Amino acid sequence: MDTAVALLARRDYSRGELCSRLAVKGFAKTEIEQLADKLEAQGIVDDKRYANTLVRSQIAKGHGPARIRQSGLQKGLSKSCVDTAINVADCDWVALARQRVQKKYAVTNDPLDSKERARRIRHLLGQGFSYEQIAAALDYDPYE
């Protein structure tokens, strides 16, 4: 238990992330599960709280919902937990994508050529935004 408390003293962990870290340190699976149940019952480990914190920090970095979802899954959170946190976040994804593009690329009033548009689309896809969000952020109709 001292190892778990030492880990949690530094930062918050999801249940899955804490269990995997304790397994790496050589604890038995039954011990880990019992400890995780106990910490969860005490409210020390809370996946919903952790997911909300993760979503807020990822939005602050300019990441889109797909990248946030992937990051949450890598941290040991369930898909439903991450999706709930994303839905609760109340973020304007189009505005966030627009900000991300303006921060990364020079803002011009000239129409974008197809090569530059493709570069910006690839960047936003890599940041986790959907095609619909990207099209709205770049103000173009992909079916033209």
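**Helix packing in the predicted model**

The crossing of α2 and α3 is right-handed (a crossing is left-handed if the near helix is turned anticlockwise from the far one by less than a right angle, right-handed if clockwise). Here helices are DSSP runs of H or I with at least four residues, numbered from the N terminus. This is a predicted model, in which local features need pLDDT of at least 70 and side-chain atom pairs count only at pLDDT 80 or more, while totals for chains, interfaces and linings use all residues. Residues are numbered from 1 along each chain as its sequence is written, and side-chain values use heavy atoms, with hydrogens and water left out.

Helix α2 spans residues 15-24 and α3 residues 29-41; they pack at an angle of about 145 degrees, and their axes lie 10 Å apart. Axes are lines fitted to C-alpha atoms, for helices over the stretch in contact, and angles run from 0 to 180 degrees between N-to-C directions. On the α2 side, Arg 15, Leu 18, Cys 19, Leu 22 and Ala 23 make the contact (heavy atoms within 4.5 Å). The α3 side brings in Ile 32, Glu 33, Leu 35, Ala 36, Asp 37, Leu 39 and Glu 40. Sorted by class, that gives eight nonpolar, no polar and four charged residues; Ala, Val, Leu, Ile, Met, Phe, Trp, Tyr, Cys and Pro count as nonpolar, Asp, Glu, Lys and Arg as charged, and the others, Gly among them, as polar. Buried in α2 are Arg 15, Glu 17, Leu 18, Cys 19 and Leu 22, where buried means under 20% relative accessible area with a 1.4 Å probe, protein chains only. Just past α2, Gly 26 has a positive phi of about 100 degrees.

Further along, α5 (residues 65-74) meets α6 (residues 79-88), with axes that come within 9 Å and cross at roughly 140 degrees. The crossing of α5 and α6 is right-handed. Pro 65, Ile 68, Arg 69, Gly 72 and Leu 73 of α5 touch Lys 79, Val 82, Asp 83 and Ile 86 of α6, a set of five nonpolar, one polar and three charged residues. As for burial, α6 has Cys 81, Val 82, Asp 83, Ala 85 and Ile 86, and these pack against α4 (47-60), α5 and α7 (93-104). After α6 comes Asp 90, with a positive phi near 55 degrees.

Arg 120 sits in α8 (residues 114-126) and is buried, at 10% relative accessible area. Its side chain makes a polar contact of 2.9 Å with that of Glu 116 (a pair of N or O atoms within 3.5 Å; within protein, one must be able to donate a hydrogen and the other to accept it, and residues adjacent in sequence count only if both atoms are side-chain atoms). Leaving aside residues up to four places away in sequence, Arg 120 touches Val 101, Tyr 105, Ala 106, Leu 112 and Leu 138.

Technical notes. Helix = DSSP H or I, 4+ residues; strand = E, 2+ residues; numbered from the N terminus. Buried < 20%, exposed > 50% of the residue type's maximum accessible area, 1.4 Å probe, protein only.
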